[in-house]
Amino acid sequence: MQKTVETAKVGDDWTVKLPQDARKTAGLKRGETIVVLPLNRTLVLGKISKKFLDSMERMGARKKNISPSQVNDLIQKVRYSA
């Protein structure tokens with residue numbers, strides 16, 4: 001687990017460069033997709049699996065408004081399914 005708090009700046013083109021230690025801690029590789037979860041005035045970033053991303057895309061094709069409980073159910077399904 002990371003022991004220090006690191007910061008990143010939002011660039012002119014709205015990009016954010018993640019600190020190297022944070023990328024290493026998350027096991028994030030170049031080109032991978034991350035999830036961005038807005039919570040009030042906070043953004044939570046997280047690494048997601050290809051399986052989870054594919055499932056979310058399939059859900060989005062069927063339904064435009066996905067509730068937080070549906071997202072949580074999908075996370076549990078992906079996390080604990082074989």
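Student: Is K47 buried, partly exposed or exposed?

Tutor: This is a predicted model. In it, K47 has a relative accessible area of 41%. That value lies between the cut-offs of 20% and 50%, so K47 counts as partly exposed.

Student: Which side chain does K47 meet in a salt bridge?

Tutor: The partner of K47 is E32, and the N to O distance is 3.8 Å. Side chains of opposite charge can pair when their charged atoms come close.

Student: Where do E32 and K47 lie?

Tutor: E32 is in the loop between α1 and β1 (34-39), while K47 belongs to strand β2 (residues 42-47). The pair therefore ties together parts that are 15 residues apart in sequence.

Student: And how accessible is E32?

Tutor: E32 counts as partly exposed because its relative accessibility is 36%.

Student: How many salt bridges does the structure hold?

Tutor: It holds 1 salt bridge.

Student: New topic: which residues gather in a patch of positive charge?

Tutor: The patch is on the surface and consists of K17, R23, K24 and R30.

Student: Where is K24 found, then?

Tutor: K24 is part of helix α1, which covers residues 20-26. With a relative accessibility of 59%, K24 counts as exposed.

Student: Last one: where is confidence lowest, and where is it highest?

Tutor: In the protein chain, helix α2 (residues 50-62) has the lowest confidence, with a mean of 74, and α1 has the highest, at 89. The mean pLDDT of the chain is 81, and 89% of its residues reach 70 or more.

Note on methods
Residues numbered from 1 in each chain as written. Predicted model: local features only at pLDDT ≥ 70, side-chain atom pairs only at ≥ 80, totals over all residues. Heavy atoms only, no water. Patch = residues over 30% accessible without salt bridge, like charges linked within 9 Å, V, L, I, M, F, W, Y side chains within 5 Å. Areas by Shrake-Rupley, 256 points an atom, 1.4 Å probe, with all protein chains shown as cover. Salt bridge = Lys/Arg side-chain N within 4 Å of Asp/Glu carboxyl O. Lys, Arg positive; Asp, Glu negative; His and termini not counted. Charge placed at Lys NZ, Arg CZ, Asp CG, Glu CD. Helix = DSSP H or I, 4+ residues; strand = E, 2+ residues; numbered from the N terminus. Buried < 20%, exposed > 50% of the residue type's maximum accessible area, 1.4 Å probe, protein only. pLDDT = per-residue confidence, 0-100.
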